[in-house]
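Please keep the sequence and the model in view while reading.

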Amino acid sequence: MQFKDIVGQQDVANRLTEIIDSGRVSHAQLLLGDTREGSLQMAFAYLQYLCCTDRRHYGPDAGLRADSCGQCPSCKKIASLQHPDLHVIFPNPPNGSTSVSAADYMKEFQDFVLERQALGTLDEFNLWLDRDVKTSIIRESDAATVVQSLGMKAYEGGWKMVVIWMPEKMNGAAANELLKTLEEPPAQSLILMVCENDERLLSTIRSRVQTVRLRSHPVSAAADEGMREQYGPLLVEWLRMLFKLKMKELSTQVDKLAGLGREQQKQLLNYALGVMHECFMATATGQGCVLGTGDAKFDAMFPAMITPNNIELIQGALDDAIFAIERNANGKIALMELSFRLSKALKKR
Ligand SMILES: [Zn+2]
């Protein structure tokens, strides 16, 4: 898995590659976000980058600052989940034996992850296994595997890595077994938890890991009632202005957007990403879409503006602006540049 294949999480990818490039990799990290939104994808892309022998760096203007090569032996081993120093732990159903662990379902898990490109949820995995869904947990035997594998010498002489998918499904015994390792991790070892709900994690675990939160998916943002109410009218007003592109009016509009806080600017742009995605899907599939921006005329007309000719330009422009705002760039300049790029892209339909 490469970062470039993950949708809508460029800023998170950039933060992660920066951490690795600066050599500040923490031994215990937690990626927080839905599996469907790419949290497990992010974990594998992260490890692939960590181990890649030919990392690619793009210019400061590129949206994605760096990525693994996808070609070196190490990349290939991680992409196929066959790297000898990578262990994956996940909730697994009982099979009547006390020593049952994730290792017993490894083949099925690998097939599932590869087939679903690491976007399949735990419920879907249980269906895939065709077992009783309610009893799937991470046990002491799984935690013991983590401790043991990190204690050994690395086969390839590099990082020893463990991914724990859905650590919120860990029982008390497993959590206790892990605590000491989280506190005093062996050299060059990394425990990467991929968690959907960190409120269900024991606080003793939570306090020992460095958390990186994934961006809530643009598609969920467009469907979110609160987001629609807050940003729908504002987005419509701005997009209408982009068609006219009268400098004075646009400048006033950008001033207004720049007056929002950074967090709100990011939310608005995230919401815009979701709306663009919905419109594109509607055009591509020939099915209607209900934008619900609060402006019926706009909702009826706008989706046809988003086509295969401009969707990538639009997404790229929005992603770059979000990236700039996160880096504390001047909001007004970032939004003005975004406005020009969007206006140009919209004309390319
Ligand atoms: Zn590589």
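Helix H7 (residues 172-183) is covered on its buried side by elements that include helix H6 (140-151). The structure is a predicted model, in which local features need pLDDT of at least 70 and side-chain atom pairs count only at pLDDT 80 or more, while totals for chains, interfaces and linings use all residues. Residues are numbered from 1 along each chain as its sequence is written. Helices (H or I, at least four residues) and strands (E, at least two) are DSSP runs, numbered from the N terminus.

The domain assignment divides the protein chain into domain 1 (3-213) and domain 2 (219-346); such bounds come from an automatic or database domain assignment. Taken over C-alpha atoms, the centres of domain 1 and domain 2 lie 34 Å apart. Five residues from domain 1 and seven residues from domain 2 take part in the contact, where two residues are in contact if their C-beta atoms, placed from the backbone, lie within 7 Å.

The next element to consider is the sheet. Five strands form an open sheet in the order E4-E5-E6-E1-E7, with parallel pairing; two strands pair if DSSP finds at least two bridges between them. Strand E4 (86-89) and strand E7 (210-213) are the edge strands, each pairing on one side only. From one strand to the next, the twist averages 20 degrees. For such angles, axes are lines fitted to C-alpha atoms, for helices over the stretch in contact, and the values run from 0 to 180 degrees between N-to-C directions.

The pairings can be followed across the sheet from E4. E4 and E5 run parallel and are joined by four bridges, with Ile89 opposite Ile164 in E5. Six bridges pair E5 with E6, again in the parallel sense, and here Lys160 stands opposite Ser189 in E6. Strand E6 (residues 189-195) is joined in turn to strand E1 (residues 28-32) by five bridges, the two running parallel. Leu30 has Met193 as its bridge partner in E6. Four bridges then join E1 to E7, also parallel, and in E7 Leu30 stands opposite Thr211.

How many of the residues of E5 are buried? Six of its six residues are buried, and E5 is thus described as mostly covered. A residue is buried if 20 or more other C-beta atoms lie within 10 Å of its own, exposed if 12 or fewer, and partly exposed in between, with C-beta atoms placed from the backbone. In a regular strand the side chains alternate between the two faces of the sheet. In E5, Lys160, Val162 and Ile164 point one way, whereas Met161, Val163 and Trp165 point the other way, and all are buried.

Helix H2 (residues 39-51) packs on this sheet, where it touches E1, E4, strand E5 (160-165) and E6. The direction of H2 makes about 165 degrees with that of E6. Ala45 belongs to helix H2 and is buried, because 27 other C-beta atoms lie within 10 Å. Apart from its neighbours within four places in sequence, Ala45 is in contact with Met1, Gln2, Phe3, Ile6 and Ala13. Ala45 and Gly151 are 106 residues apart along the chain, and their C-alpha atoms are separated by 24 Å.

Helix H7 has 12 residues and reaches 17 Å from its first C-alpha to its last, close to the 16 Å expected at 1.5 Å a residue; the expected span is 1.5 Å times one less than the number of residues. Within H7, Ala174, Glu177, Leu178 and Thr181 are buried. Seen down the axis of H7, these buried residues fall within an arc of 90 degrees, so they line one face of the helix. The arc is that of the directions from the helix axis to the C-beta atoms. The face turned away from the buried side of H7 carries the exposed residues Gly172, Lys180 and Glu183.

Ile314 is buried, because 24 other C-beta atoms lie within 10 Å. Not counting residues up to four places away in sequence, Ile314 touches Met276, Ile306, Leu342 and Ala345. The C-alpha atoms of Ile314 and Ser343 are separated by 9.2 Å, although the two are 29 residues apart along the chain.
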